[in-house]
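This report is meant for a reader who is new to the structure shown below. It takes up a few places in turn, and each can be followed in the sequence and in the 3D view.

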Amino acid sequence: FQTQYLADYRPYPFRLNETRLRFRLSDHATEVESELDLTREGDGPLVLDGGAGLKLLRLAIDGRELEPGDFTREGEVLTIAETALPGTSFTFEAHVRIDPGANTTFEGLYLSGGMFCTQCEAEGFRHITFYPDRPDVMGPFRVSIESTKSILLSNGNPVSTAPGRAEWHDPWPKPAYLFALVAGDLVAISDSFTTMSGREVALNVWVRPGDQDRAGFAMESLIKSMKWDEEVYGREYDLDVFNIVAVDDFNMGAMENKGLNIFNSKLVLASPETATDDDYNRIEGVIAHEYFHNWTGNRITCRDWFQLCLKEGLTVFRDQQFTSDMRSAPVKRIEDVQTLRARQFREDQGPLAHPVRPDHYQEINNFYTATVYEKGAEVIGMLKRLVGDDGYKAALDLYFDRHDGDAATIEDWLSVFEDATGRDLAQFKRWYTDAGTPRLRMDEAWDDGKLTLSFTQVTPPTPGQDDKPPRVIPIAVGLIGPNGDEVRPTEVLEMTEATQSFAFEGLGARPTVSVLRGFSAPVVLDRDLDDAGRAFLLAHDTDPFVRWESGRGLALTALQAMAQGAEPDPAYIAAIGELAGDDAVDPAFRALCLQLPPEDEVAARLSDAGIVPDPDAIHAAHLRLARAVAETHEGLLDRLYRQMTVPGAYIPDAEGAARRALRNVALARLSLLDGGARAAAQFADAGNMTERFAALAALIRAGKAEGALVEFHEEFASNRLVMDKWYMVQPAAADPSQAAAITRKLSERDDFDWKNPNRFRALLGGLSANHAGFHAADGAGYDVTADWLIRMDGANPQIAARMSSAFETWWRYDAGRREKSLAALQRIADTPRLSRNTSEMVSRMMA
Ligand code: DPP
Ligand code: ZN
């Protein structure tokens with residue numbers, strides 16, 4: 001398989017003036033006729049992308065049908081010889097036939113539950129017709145659709161609709177990856193929005209008949225997003241209609257196609273009985289994310305796929321800001337850091353580490369990663385901190401002004417910050433080009449009223465990058481006096497050297513340093529702070545992130561020691577009890593503090609410290625610490641459990657969700673003592689899925705779930721999204737020694753519809769979320785995962801490749817586990833006709 005390099009970028013030698021598409025839809029023989037008005041701007045033949053599944057019926061230039069000598073077709077490339085191209089401007093026509101009904105990759109045009117739909121990012125359009133399938137080739141589109149389905153949708157504004165036929169026009173030039181088409185017997189819930197300049201926009205959320213009553217929250221979220229983007233970024237919507245369609249078979253979460261967002265149904269459909277608070281939260285965030293792409297992604301797109309973070313990092317950053325404004329900002333920040341550590345730090349620590357802007361790839365779909373998305377957002381958060389809120393606003397205004405209509409680069413992005421603020425960002429750019437998570441060490445010296453903080457930064461080598469020059473690290477610091485008062489409010493230290501000191505003078509007594517406030521940089525911080533210091537910050541810091549982080553630090557140290565034989569740490573148990581019982585503190589924050597760091601993260605920290613992690617010992621330590629908390633604070637937890645009920649009908653708001661979260665952590669702890677009695681009662685009485693599902697998980701952990709699992713299945717058998725939860729929680733909450741066997745058994749059920757990405761991810765993702773279960777010493781977790789990845793690769797390579805990252809930490813463990821996981825990877829690598837997607841992932845992991 002060929003490697004693509006950023007350095008090889010060349011502009012396309014033709015300008016695209018307009019694209020006209022005509023679809024005659026049929027399950028197994030859809031015909032696509034295309035006309036591209038092109039103008040020559042450079043040298044060479046006309047090179048178009050086109051997948052092997054395109055049955056070529058006709059090619060023409062300016063109406064003249066091409067003959068065999070005029071073109072060649074090799075692999076996925078169609079080349080029209082220069083000699084077949086007239087002067088400067090001409091129309092290229094293609095007529096192809098495709099088979100959406102046989103498309104199991106869910107890329108290009110496919111069928112999902114009888115509905116035609118598309119997914120073109122990153123390179124799916126080439127499976128619809130021959131096209132310059134690259135993001136820097138943009139044009140307005142006219143689309144006509146003929147089909148027997150009742151609802152026929154594409155991008156832009158409707159031009160005409162008649163039974164069996166619809167025409168759409170999208171006036172905004174766009175690359176092919178933003179093209180979309182939907183044809184199905186759908187129903188909508190509809191609303192409207194009047195933009196800041198008075199444009200009336202029709203809004204529709206399209207679902208299958210019967211699902212309308214679960215689409216209301218998505219619509220509310222859309223309206224909030226449209227308003228927020230006007231108020232905060234001054235960005236207005238630019239078409240007469242905005243359509244969202246929910247689809248059951250979808251490789252990703254959702255897709256920002258211009259004017260026609262297509263969503264995985266799990267990110268649209270919600271009712272109190274079927275969706276949890278987390279589901280609601282995610283729906284609101286992803287609806288916002290895709291909507292925000294209309295400006296950051298669509299109006300300004302990427303020059304090439306190496307620049308993916310230009311739209312994704314920025315749009316994640318924007319959806320994080322949105323959620324902070326809609327809900328609790330501190331809670332959102334802590335949750336984002338949890339995700340970053342669980343997924344991105346893990347990626348950065350191993351063989352799949354890559355820069356936020358990679359400079360080579362084989363398969364771009366393998367780079368829709370936590371590094372590009374979540375670290376991409378962190379980098380923007382650092383930029384904003386460095387230039388300040390006003391500088392950020394000026395830079396963004398300039399970005400929209402200067403680049404509207406462009407396919408831009410990270411260099412363009414950094415230039416607007418330099419031009420708007422006068423800052424030199426040459427060193428800052430390393431955050432985009434250099435992979436790896438910096439380790440930041442802080443040492444303190446105290447001398448008669450003067451506190452000196454000395455920092456050292458080191459970034460470990462990552463694949464292909466051995467030397468890491470120092471980066472700009474914004475370190476937000478505050479000082480807390482011995483009585484718990486803040487003696488210095490937050491200030492941002494700008495570290496630019498490998499080693500650097502900063503002094504604070506005129507201090508009365510030695511303060512406790514609150515450092516990396518708000519998680520001001522995505523680094524691993526190392527400092528000598530004892531349990532008492534951590535407990536002090538947990539109790540007194542004004543910065544909610546450092547408060548939470550201090551509790552987490554206590555837990556992590558305790559777990560690391562316990563995994564090597566120590567007893568539970570009384571300092572942690574006492575401090576966490578103090579906080580949990582403090583009714584002045586937001587219940588959501590208390591719930592976060594009561595959670596223990598995930599077992600995978602404990603393994604990562606041990607590995608970082610040069611200790612080979614033992615998954616079983618970590619799991620045992622986790623259970624033991626949770627039990628010790630429960631035993632010490634049984635009375636308090638029971639009080640919280642009874643006190644944190646939410647009266648009245650379920651509303652998916654932040655306040656109610658916060659109380660439910662705290663109540664459910666209390667339940668999880670108490671279930672370690674009461675044999676699942678409270679969980680059984682909650683499962684029977686719960687009026688909403690948040691409570692129901694938490695009870696089910698607690699029952700599984702207590703070994704008392706047999707009846708509940710049957711009941712849950714009976715009640716929700718016809719609801720795919722709820723059944724996904726049933727598939728996920730069983731391996732995830734299972735005793736590690738059983739997790740692989742449970743996974744295999746569930747995978748043999750008739751309703752394990754493995755070709756559905758949500759179902760597959762639920763089961764296999766549930767297993768890999770069970771750290772000690774996936775890494776079972778006998779290799780059973782590796783084996784069942786490999787078996788299914790091999791099978792999935794034949795149907796849907798994108799999903800197989802994504803899920804293969806379950807193996808990315810194989811190198812951390814003992815020789816026995818390493819050997820077994822490598823054998824599983826080798827078995828995948830040896831599979832005949834393995835896809836480019838999975839082949840690239842496996843070879844990177846084994847390198
Ligand atoms: N561009 C899509 C997104 O919103 C990818 N599925 O992230
Ligand atoms: Zn996105």
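This is a predicted model: local features need pLDDT of at least 70, side-chain atom pairs count only at pLDDT 80 or more; totals for chains, interfaces and linings use all residues.

On the α13 side the contact involves Ala 626, Arg 627, Val 629, Ala 630 and Glu 631, which meet Arg 669, Leu 670, Leu 672 and Leu 673 of α15. Sorted by class, this contact of α13 with α15 holds six nonpolar residues and three charged ones, with no polar residue.

Helix α15 also packs with helix α16 (residues 677-685), and here the axes come within 7 Å and cross at roughly 125 degrees; α15 and α16 are therefore oblique to each other. Leu 667, Leu 670, Ser 671 and Asp 674 represent α15 in this contact, while Ala 677, Arg 678, Ala 679 and Gln 682 represent α16. Four nonpolar, two polar and two charged residues make up the contact of α15 with α16.

## Helices α3 and α4

Helix α3 (residues 308-326) and helix α4 (residues 329-349) pack with their axes 7 Å apart, at an angle of about 145 degrees. From α3 the contact takes Gln 320, Thr 323 and Ser 324, and from α4 it takes Ala 329, Lys 332 and Asp 336. By class, the contact of α3 with α4 has one nonpolar, three polar and two charged residues.

## Domains and annotated regions

The protein chain is divided into domain 1 (1-184), domain 2 (186-295), domain 3 (301-433), domain 4 (439-528) and domain 5, which is given as 603-609 + 621-643 + 667-846. The centres of domain 2 and domain 3, taken over C-alpha atoms, are separated by 23 Å, and the contact takes twelve residues from domain 2 and twelve residues from domain 3. On the side of domain 2 that touches domain 3, α1 (216-233) and α2 each supply at least two residues, and that side has six nonpolar, four polar and two charged residues.

UniProt, in an unreviewed entry, carries the annotation "domain: Peptidase M1 membrane alanine aminopeptidase" for residues 217-431. Over residues 217-431 the chain is 56% helix and 9% strand, with the end C-alpha atoms 37 Å apart. UniProt also lists residues 533-846 for "domain: Peptidase M1 alanyl aminopeptidase C-terminal", again in an unreviewed entry. Over residues 533-846 the chain is 73% helix and 0% strand, and 42 Å lie between the end C-alpha atoms.

## The surroundings of ligand 1

Which residues surround ligand 1? They are Glu 121, Met 252, Ala 254, Met 255, Glu 256, His 289, Glu 290, His 293 and Glu 312. Both β20 (254-255) and α2 (277-292) supply at least two residues each to this shell, and by class the shell around ligand 1 has three nonpolar, two polar and four charged residues.

Glu 121, one of the residues around ligand 1, is joined to Ala 122 by a cis peptide bond, with omega near 0 degrees. Ala 122 itself lies in the loop between β11 (115-119) and β12 (139-146).

## A backbone detail at Asp 448

Asp 448 lies in the loop between β25 (439-447) and β26 (450-458). Its phi is near 45 degrees, which is a positive value in a residue other than glycine.

Conventions:
Residues are numbered from 1 along each chain as its sequence is written. Chains are lettered from A and ligands numbered from 1 in the order in which they are written. A residue is near a molecule or strand if its C-beta atom, placed from the backbone, lies within 6 Å of it. Helices (H or I, at least four residues) and strands (E, at least two) are DSSP runs, numbered from the N terminus. Ala, Val, Leu, Ile, Met, Phe, Trp, Tyr, Cys and Pro count as nonpolar, Asp, Glu, Lys and Arg as charged, and the others, Gly among them, as polar. Domain bounds come from an automatic or database domain assignment. Two residues are in contact if their C-beta atoms, placed from the backbone, lie within 7 Å. UniProt positions are given in the numbering used here, feature names are shortened, and annotations may be inferred rather than shown by experiment. Axes are lines fitted to C-alpha atoms, for helices over the stretch in contact, and angles run from 0 to 180 degrees between N-to-C directions. Angles under 35 degrees count as roughly parallel, over 145 as roughly antiparallel, 65 to 115 as roughly perpendicular and the rest as oblique.
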